[in-house]
Structure formats: structure tokens, C-alpha cells
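This note sets out comments on the structure shown below, arranged as numbered points.

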Amino acid sequence: MPSVYIVGPMTGYPDFNKEGFDRGEAYLRSLNKYKFIINPWKLCPHEADLDTIIRLDLAAVMSVNELYVLSGHLNSVGAMAEIAVATWRKMEIRYEDIENPKHWSEKEVKDWLAGFRMMDE
């Protein structure tokens with residue numbers, strides 16, 4: 001039986017997007033398909049430092065065979081990093097709000113990352 005990790009934005013959302021993660025978890029449970037559903041909202045202590053959060057999240061991504069991606073993921077560096085790891089591992093990735101996801105070219109990924117670096121300046 002497959003296992004799945006929920007990916008989505010947290011920073012900048014009320015209660016770290018608990019509503020979105022709970023909605024995703026409820027949907028995945030309704031499918032009766034998954035042995036394990038990992039909801040990072042419940043996994044990570046919200047007061048933890050960034051390095052701890054990254055380690056916990058990436059370990060969780062490495063422990064499953066599918067991702068379920070919530071809307072808003074394009075505005076989250078963490079969500080995009082988790083998707084990149086899953087893509088590298090050739091995992092199945094399902095999107096909450098996209099029927100036919102677009103697979104980005106290397107140039108599109110570099111352009112997207114450059115946009116985040118410019119926001120920090």
C-alpha cells in the first residue's frame with residue numbers, strides 16, 4: 001500500500017495553513033488508498049528552527065512513495081524543494097488543483113529560483 005506526504009505552503013498563512021493541510025489529509029483518507037499519510041503541519045514543531053524543519057520534512061519525503069501538492073505551492077521555497085526531491089526520486093506527484101501538471105524545464109526552474117533571490121534583496 002502506498003504512502004503519501006502532503007506538500008504545501010505554510011509561511012504567511014493563518015495558523016501555518018492548517019486548514020489546507022487538514023483538507024488535503026481528509027481528501028487522501030477518503031480515497032482509502034494510503035497506508036500512511038504524512039501531514040507536515042502535524043509533523044513539525046512550529047517553533048523549531050529552519051534546519052530542524054528542513055531535516056524533518058526531507059526525511060519524511062524520503063520515506064514515502066507519493067506526494068500530494070496543495071494549491072499555493074509555487075509561492076513556497078520549501079514546497080518546491082520537496083517537489084524537486086520527489087521529482088529526482090521519480091515519485092508520483094499529485095496536485096490538488098491541477099489536472100495535468102506542467103513539468104518545468106531546467107531554465108524555468110532557474111528563472112523561478114532567481115525570482116526568490118531577488119525578493120531577498
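1. The loop between β1 and α1 contains Phe16. The model is a predicted one, and in it Phe16 has a positive phi of about 55° although it is not a glycine. Its relative accessibility is 35%, so Phe16 counts as partly exposed.

2. A second residue of this kind is Asn32, which is not a glycine and yet has a positive phi, near 50°. Asn32 follows α1 and is placed in the loop between α1 and β2. With a relative accessibility of 65%, Asn32 counts as exposed.

3. Helix α1 covers residues 18–30. Its 13 residues should span 18 Å at 1.5 Å a residue, and the end C-alpha atoms are 18 Å apart, so the two values agree. The buried residues of α1 are Gly20, Phe21, Gly24, Glu25 and Leu28. Because these residues cover an arc of only 130° around the axis, they lie on the same side of α1. That buried side packs against β1, β2, α2 and β3. On the face turned away from it, α1 carries the exposed residues Glu19 and Ser30.

4. What does the side chain of Glu25 make a polar contact with? The partner is the side chain of Asn39, at 2.9 Å. Leaving out residues up to four places away in sequence, Glu25 touches Ile6, Ile37, Asn39 and Lys42.

5. The loop between α2 and α3 holds Cys44. Its relative accessible area is 7%; since buried means under 20%, Cys44 falls in that class. Beyond its neighbours within four places in sequence, Cys44 is in contact with Ile53, Leu56 and Asp57. The C-alpha atoms of Cys44 and Ile54 are separated by 9.4 Å, the two residues being ten apart along the chain.

6. Helix α3 (50–62) has 13 residues and reaches 18 Å from its first C-alpha to its last, close to the 18 Å expected at 1.5 Å a residue. Asp57, Ala60 and Val61 are buried in α3. Viewed down the axis of α3, the buried residues fall within an arc of 100°, so they line one face of the helix. These buried residues pack against β1, β2 (36–38), α2 (40–43), β3 and α4. At the N-terminal end, Asp49 caps α3, with a side-chain oxygen 3.2 Å from the backbone nitrogen of Asp51.

7. The largest nonpolar core has 16 residues. Which of them have the most contacts inside it? They are Tyr5, Val7, Leu67, Val69, Ile83 and Ile93. At least two residues of this core come from each of β1 (3–7), α3, β3 (66–69), α4 (77–88) and β4 (92–95). The largest share, five residues, is supplied by α4. As for Ile93, it touches Leu67, Val69, Ile83, Ala86 and Thr87 when residues up to four places away in sequence are not counted.

8. There is also a second, separate core, which has nine residues. Its members include Ile6, Trp41, Tyr68 and Leu70. As general background, nonpolar side chains tend to be buried together in soluble globular proteins.

9. Turning to the protein as a whole, there are five helices and four strands. Along the sequence they follow the pattern β-α-β-α-α-β-α-β-α. Of the contacts between residues at least 6 apart in sequence, 69% join residues at least 24 apart.

10. The protein has 121 residues, of which 35% count as buried. Its accessible surface comes to about 7900 Å², and 58% of that surface belongs to carbon and sulfur atoms.

Terms used:
Residues numbered from 1 in each chain as written. Predicted model: local features only at pLDDT ≥ 70, side-chain atom pairs only at ≥ 80, totals over all residues. Heavy atoms only, no water. Core = buried A, V, L, I, M, F, W, Y, C linked by side-chain atoms within 4.5 Å. Buried < 20%, exposed > 50% of the residue type's maximum accessible area, 1.4 Å probe, protein only. Contact = heavy atoms within 4.5 Å. Expected span 1.5 Å × (residues − 1). Arc of directions from axis to C-beta. Polar contact = N/O pair within 3.5 Å; in protein donor to acceptor, adjacent residues only side chain to side chain. Areas by Shrake-Rupley, 256 points an atom, 1.4 Å probe, with all protein chains shown as cover.
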